[in-house]
Amino acid sequence: MEYANLLVSVSEKIATVTINRPKSLNALNFATMRDLSGAFEDLGGREDVGAVLLTGAGEKAFVAGADISEMKDYTPLRAFEFSMYGQGVLERIERLPQPVIGVINGFALGGGCELAMACDLLIAADTAKLGQPEVSLGIIPGYGGTQRLPRLVGRNLAKELVLTGEMITAQRAYEIGLVNRVVPRAELMDAARETAMKILSRGPVAVRTAKMAMNRGLDLDLSNACAFEANVFAVGFSTADRIEGMTAFLEKRKAVFTGK
Ligand code: CO8
């Protein structure tokens, strides 16, 4: 599939989705959100894709936010519609069956930070900067930033970031649990691929269902979430992968999973 604002490639079961508007620091206009929606819908159904890397084109930015030049003329109704549409796109990314690694190659601001938070884990270049600067524009985050950020880093740190609008370094983002790892810029893609390869070497059904159990369980109370986990755990015992995984362990060899 070809997209006006994205580059999508697949190699060794790893899809790389690159937001490709470097002149605007990969700002998210409506067309880009529509492309992201289409690309992730397509990737979710592909058997040749076991993990996805999401990154931005160019040296400067992952995504510097929603496209301010497009947003400046919004009516309240349009703002509501685009916020809801974008939230749906981020939910599609968050709920993709395969794991999604956000590869933060530069600025991840506003809608860019929100997009990053919809990924399963984040690897950032040491040069990256993250933040929710919306209040500097007189608006609030609209792609789930006021909701995902407190869930990820805790209420007080989220309030500090959203209310001051200050950017933080990748290192600080690591310290507060917003990103998983910080690596030198030159090593970023290799580090992301390495993490994806490690995940791909595990039981594919287990990886997908573990992701789902964590995502869905976080929205439930602990007791019901654990009951949900027990059900998903039990389903795992219907797979060829679990027979292979346990047999390989007992035979002291590497498991060869089929994803069945
Ligand atoms: N939207 C549109 N264009 C942008 C954006 C953006 N968010 N960010 C950068 N650009 C453009 C600049 O206008 C500039 O274009 P041009 O060359 O034509 O003048 C080009 O990208 C390069 O940017 P700068 O010259 O500003 O580069 P600097 O290195 O000087 O600065 C910064 C980099 C600090 C990242 C700076 O560009 C900046 O502050 N950008 C805006 C960051 C921001 O405020 N982001 C939040 C936007 S609001 C938002 O994301 C809300 C999300 C929810 C929306 C839900 C409803 C739709």
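The following legends describe close-up views of a predicted model.

**Figure 1. Glu12 and Arg193 are joined by a salt bridge.**
Side chains of opposite charge can pair when their charged atoms come close. In this view, the closest N and O atoms of Glu12 and Arg193 are 3.4 Å apart. The pair links distant parts of the chain, 181 residues apart. Glu12 belongs to the loop between β1 (6-11) and β2 (14-19), whereas Arg193 belongs to helix α8 (residues 188-200). Glu12 has a relative accessibility of 55% and therefore counts as exposed. Arg193, with a relative accessible area of 22%, is partly exposed.

**Figure 2. A salt bridge connects Glu41 with Arg92.**
The closest N and O atoms of this pair are 3.7 Å apart. Both partners are found in helices: Glu41 in α1 (residues 30-44) and Arg92 in α3 (residues 76-94). Glu41 counts as exposed because its relative accessibility is 53%. Arg92, at 32% relative accessibility, counts as partly exposed.

**Figure 3. Glu59 and Arg185 meet in a salt bridge between two loops.**
The N to O distance between these side chains is 3.6 Å. Glu59 lies in the loop between β3 (51-56) and β4 (61-63). Arg185 lies in the loop between β10 (181-183) and α8, so the pair ties together parts that are 126 residues apart in sequence. Glu59 is exposed, at 62% relative accessibility, while Arg185 is partly exposed, at 22%.

**Figure 4. Asp42, Arg46 and Asp48 form one salt-bridge network.**
These three residues are joined by salt bridges that share partners. In the whole structure, a search finds 13 salt bridges.

**Figure 5. Positively charged residues gather in a surface patch.**
The patch of positive charge consists of Arg181, Lys198, Arg202 and Lys254. One of these residues, Lys254, is located in the segment after α11 (240-250). The relative accessibility of Lys254 is 66%, so this residue counts as exposed.

**Figure 6. Ile68, Leu137 and Ile139 make a nonpolar surface patch.**
The area of this patch is about 260 Å². Leu137, one of its members, is placed in the loop between β8 (129-131) and α5 (145-153).

**Figure 7. Cys119 is shown with Cys113, which holds the cysteine sulfur closest to its own.**
A disulfide is a covalent bond between the sulfur atoms of two cysteines. The structure holds zero disulfides. The sulfur of Cys119 is 11 Å from that of Cys113, which is too far for a bond. Cys119 counts as buried because its relative accessibility is 9%. Another cysteine, Cys226, has a relative accessibility of 40% and counts as partly exposed.

**Figure 8. Thr32 is a buried residue of helix α1.**
Thr32 lies in helix α1. Its relative accessibility is 0%, and Thr32 therefore counts as buried. Thr32 and Ala66 are separated by 34 residues in sequence, and their C-alpha atoms are 9.9 Å apart in space.

How values were computed. Residues numbered from 1 in each chain as written. Predicted model: local features only at pLDDT ≥ 70, side-chain atom pairs only at ≥ 80, totals over all residues. Heavy atoms only, no water. Patch = residues over 30% accessible without salt bridge, like charges linked within 9 Å, V, L, I, M, F, W, Y side chains within 5 Å. Areas by Shrake-Rupley, 256 points an atom, 1.4 Å probe, with all protein chains shown as cover. Salt bridge = Lys/Arg side-chain N within 4 Å of Asp/Glu carboxyl O. Lys, Arg positive; Asp, Glu negative; His and termini not counted. Charge placed at Lys NZ, Arg CZ, Asp CG, Glu CD. Helix = DSSP H or I, 4+ residues; strand = E, 2+ residues; numbered from the N terminus. Buried < 20%, exposed > 50% of the residue type's maximum accessible area, 1.4 Å probe, protein only. Disulfide = S-S within 2.5 Å.
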